[in-house]
Amino acid sequence: MLKVEQIYTGYDKRIVLHGVSLELEPGELVALIGPNGSGKSTLLRSISGLLPLQQGRIEVDGDEVSQLNESQRARKIAVVPQARNLPPAFSAREVVAIGRTPYLNWLGQLSANDETLIDQAMRQTDTLDYAGRPVGELSGGEQQRLLLARALVQQTPYLLLDEPTTHLDLQFQIGLMAHIHELAHPADPGLSTRAVLIAVHDLNLALEYADRVVLLVEGKIIHLGTPAEVLQPELLSQVYGVPLTLLRDPNNGQTALMPKLTH
Amino acid sequence: MKKRLNPFLLCTLLLVASAILSIMVGSSKMSPRTLADVVISSIRGTTSSTDPNGVFSTILYSLRIPHMFLMLLVGAALSGSGAAYQGLFRNPLADPYLIGVASGAGLGAVIAMTIHWSYTTLGLIAIPLSAFLGAVLAVGVVSLIARVGHTIPTTNLILAGVVVSSFCTALSSLLMINASGDLRRSLVWLLGGSNQSGWAPVLAMLPYALIGMGFLLAMGHPLNVMQFGDEQASQLGIRVTRVRWLTIIAATLTTAAAVAFAGIIGFVGLIVPHIIRLVWGGDYRKLIPLSLLGGASLLLLTDAAARSAFAPQEIPVGIITALLGAPFFLWILRRSKSQNYW
């Protein structure tokens, strides 16, 4: 279990998170939503051990994150950042292979087992087709899937994603979210079940794919529950300062939040 | 090309060929036949018919071969450290010369020389150490000036390098003008030409070069991971601060050793890693060893050119590398802007 207990943290003297608590277990996909600047990225950075805490503690499977070294942490928690400034001369496969780092020695020699895991992760993320191509030639969607594959070969029980869908076209957003959903709820019982915490801008992606939703506002969790509980138009209208309505597709019952546009 | 030829084999063959060429070229020409003759007879312990007085043999073993090894080590050092700086700063234009490290090392070496330790055993230890301190100081100042947040933009890096380099060069010149006796020798040495011959500089450089290069070779994988940025590298299990320091120290030690024994030779660390990256990709586990081999070859070839182009006058090899390197620099600059190559 990943336990965040009453953490306070920030940059220099500016406190960004004010007493955030959260629990996460393999087999669930938790969406982290909130307006810009509410502290979503800061929370993810704290959990991955990049930001020292001023108060509180974060535990992963019984160990305090701040007590683990980089490599121990990287075997527990994998992070999928936004695909930006990837080293363009690396091949797609080389990018994925980097994910094995916490298990490799200083020289970075891959074993046959490492190669198998890389193949498997690339198959799982539909990236095998362009394994040999330089990253600089790939589209944003293709790069983002590679970073997901890179996180998968880290073989961690916990996966953090920081707005991975932001710069993607609609079909890639949905494709990527389907892959991510599959990680928490694998159809194949042979695959390991992961806990996924994903920061998303798009409220409808949270509504559609999340098991639970965390609403973070000004560094505090103001609501935590099922998508239906958290994604209420009245609550979110207040938080985002835009009037929202919940629409239901009469054909399939699917719901979506729709801002009332003003001209 | 990428698949068929083993890059290590190719670069090693190039190095061997360059080394043989380097031995043959010089004020007294040595044909392949003479060379083979002298080598074979010295192995057999007999006197060669083509070299009855042993003149060629002396030239070969006391001048040409040690000079060849010195150039080989220096070229490998500059190119390997160039590749490492590029990985460290995540910038294709980082070169020991352009980022001011070489000038810092030069200043350190000049300071040690003006204390008149130059040609004693002590000098052979003190000069590289002093060069190392100068280089560390230079790289520290450059990265402090150039840093913006977590990154070092190209323009900042090069500008900071120019500033630090100019400052160090000015101080070196000042010291050399005051130290009248060694003035000319130091000046020629700084332009990139060894002012010492024989085995002494080779043996003196060897430990520094081997330690530095050994660490650089071990940095291949960590540098690969660092190409994704410090934060991601840390999240992938790399101890970023430790890798950063080890790389800086190893690359700077290697550069300082080269500068202490061969002066300031620019652009080798820029040209070679760049060509290797274009042909065989950006994996630092390959890039660093191939840069060592390729840098050694390039410096042997340019040095051979420097010694034969205006024969019997020998010109400092740094002039040739700069003539090649400056246009190359402009080409990379255009390329990295237009293609977002990095």
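In strand 2 of chain A, A:His18 is the residue that A:Tyr8 stands opposite. The model is a predicted one, in which local features need pLDDT of at least 70 and side-chain atom pairs count only at pLDDT 80 or more, while totals for chains, interfaces and linings use all residues. Residues are numbered from 1 along each chain as its sequence is written, and chains are lettered from A and ligands numbered from 1 in the order in which they are written.

Strand 1 (residues 2-11) and strand 2 of chain A pair in the antiparallel sense over eight bridges; two strands pair if DSSP finds at least two bridges between them. Helices (H or I, at least four residues) and strands (E, at least two) are DSSP runs, numbered from the N terminus. An open sheet of four strands in chain A, with antiparallel pairing, has the order 2-1-4-5. Strand 2 (14-24) and strand 5 (63-64) of chain A stand at its edges with a single partner strand each, so one side of each is left without a neighbour in the sheet.

Strand 9 (residues 212-217) of chain A is largely enclosed by the rest of the structure, because five of its six residues are buried. A residue is buried if 20 or more other C-beta atoms, placed from the backbone, lie within 10 Å of its own. Strand 3 (residues 29-33) of chain A pairs with strand 9 of chain A in the parallel sense over four bridges, and A:Val30 stands opposite A:Arg212. Strand 10 (residues 220-225) of chain A pairs with strand 9 of chain A in the antiparallel sense over five bridges, with A:Leu216 opposite A:Ile221. The hairpin of strands 9 and 10 of chain A has two residues between the strands, and A:Glu218 takes a positive phi near 50° there.

The largest nonpolar core has 181 residues, of which A:Val196 and B:Val74 touch the most other members. Such a core is a set of buried Ala, Val, Leu, Ile, Met, Phe, Trp, Tyr and Cys residues joined through C-beta atoms within 7 Å. Helix 3 (residues 55-89) of chain B supplies the largest share of this core, 17 residues. Not counting residues up to four places away in sequence, B:Val74 touches B:Ala258, B:Phe261, B:Ala262, B:Ile265 and B:Leu299.

The contact between the chains takes 24 residues from chain A and 24 residues from chain B, where two residues are in contact if their C-beta atoms, placed from the backbone, lie within 7 Å. Helix 2 (residues 70-74) of chain A gives the most to the side of chain A that touches chain B, with three residues.

Note on methods:
A residue is buried if 20 or more other C-beta atoms lie within 10 Å of its own, exposed if 12 or fewer, and partly exposed in between; C-beta atoms are placed from the backbone.
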